[in-house]
Amino acid sequence: MKNFRSDNEAPVHPDILQAMVDANQGFSESYGYDVYSEQLTEQFQQLFGCWCEVLPLTTGTAANSIATALTTPPYGAIYCHPNSHINVDECGAPEFFSGGAKLITVTGDNGKIDIDRLNDRLENSGHHGEHESLPAAISLTQCTESGTVYSLAELKAIKKLADKYGLAVHMDGARFANALVTLGVNAAEATWQSGIDLLSFGATKNGAMMAEALVIFNPVYNKQIKRLRKRAGHLISKMRYVNCQLLAYLKNDLWLQLAHHANQQAQLFVKSVNQEVTLLYPVEANEVFCRLPLKQINSLEQQDFLFHRWPGQEGVIRLVFSFATKTEDTEQLIRAINNI
Ligand SMILES: Cc1ncc(COP(=O)(O)O)c(C=O)c1O
């Protein structure tokens, strides 16, 4: 089986597993008061070159939902892309944790919120007074759900609009490492220096077992975050095993090396595969959405290649490359497509 189905299906990187074994020495303070917690805050502050609050969690849904609760009151609205994870894949958790906020979707090509449409939506808000939800936040995904990456200029344009309307900017960075590698900038430039107030920092897809973090750059949103985490059921008693994963993930730039490999595999695929494959979006990170003749899709499945047939779009498949994708498997996939 050659798995291109999801980076969630990739294993844990050995260095991260080893860090968990190393952390497994005797007793340690519980609920985030272990020695790793302090190191983690230091590491993140060093990485982002600024003050930030770091809240380790075990799922991206929790990070996004707590971010929503921090930025948006129950009567508020969050603007996001229709395909965003918060809109289609979190079963209403962001709305639930905010106490009933409304998600307002703004379409745009390549999985990105279209800035002009967002401007229109915001300009036209307010006509219904207290009958409508109050604009509170913009949430964007980096990399997007279409495998593309917002440029710094695009992020700054969103920030400009956010400032005009007094909105928070949240980034769902489930694949933040992949985006950073593509952008070739540092973590500060890709986030708070481009106007991001809160970041859901993903690690699970890129080598961790189950470790994510909500990173808050703007102290305005640093309100009772620990209580919110507790209420979300993410105050893990043996938190050292989450913290040590994040530390190992950052150590010696492991996270960037892993994302670099994943992105490179996707590039190898798109550069070598023949013309019959139509790419749906620019390939800018580790995901490829493409259209293939059904005959080819069936044949690939018969050859034990695993991937997702994209729901609702016949002939479209999604291929995800991860840190654990072997070059020989990517090459086999290319050969299989080119030879059919
Ligand atoms: C864009 C995006 N955001 C967030 C998540 C976090 O999901 P989970 O709650 O499963 O960790 C995912 C996982 O697939 C994702 O793709």
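A pocket is defined here on a 1 Å grid over the protein atoms alone, as an open set of points with protein on both sides within 12 Å along at least five of seven lines. A molecule sits in a pocket if more than half of its atoms lie within 2 Å of its grid points. By these criteria, the ligand sits in the largest pocket. The model is predicted: local features need pLDDT of at least 70, side-chain atom pairs count only at pLDDT 80 or more, and totals for chains, interfaces and linings use all residues. Residues are numbered from 1 along each chain as its sequence is written, and side-chain values use heavy atoms, with hydrogens and water left out.

Helices (H or I, at least four residues) and strands (E, at least two) are DSSP runs numbered from the N terminus.

Polar contacts are pairs of N or O atoms within 3.5 Å. A side-chain N or O atom of Lys205 is 3.1 Å from a ligand oxygen. For Arg175, the corresponding distance to a ligand oxygen is 3.2 Å. A polar side-chain atom of Asn8 lies 3.5 Å from an oxygen atom of the ligand. Taken alone, the ligand exposes 390 Å², of which the protein buries 79%. Accessible areas come from the Shrake-Rupley method with a 1.4 Å probe.

Four strands form an open antiparallel sheet in the order 9-10-13-12. Strand 9 (278–279) and strand 12 (308–309) are its edges, each pairing on one side only. Pairing requires at least two DSSP bridges between strands. Arg291 has Val316 in strand 13 as its bridge partner.

Two backbone features fall in loops. Gln142 and Cys143 are joined by a cis peptide bond, with omega about -5°. Cys143 lies between strand 5 (134–141) and helix 7 (152–165). Tyr31, not a glycine, has a positive phi of about 50°. Tyr31 occupies the loop between helix 1 (14–23) and helix 2 (35–48).

Technical notes. A polar contact is a pair of N or O atoms within 3.5 Å; within protein, one must be able to donate a hydrogen and the other to accept it, and residues adjacent in sequence count only if both atoms are side-chain atoms. On a 1 Å grid over the protein atoms alone, a cavity is a set of points where a 1.4 Å probe fits but cannot get out, and a pocket is an open set with protein on both sides within 12 Å along at least five of seven lines; lining residues have an atom within 4 Å of a point.
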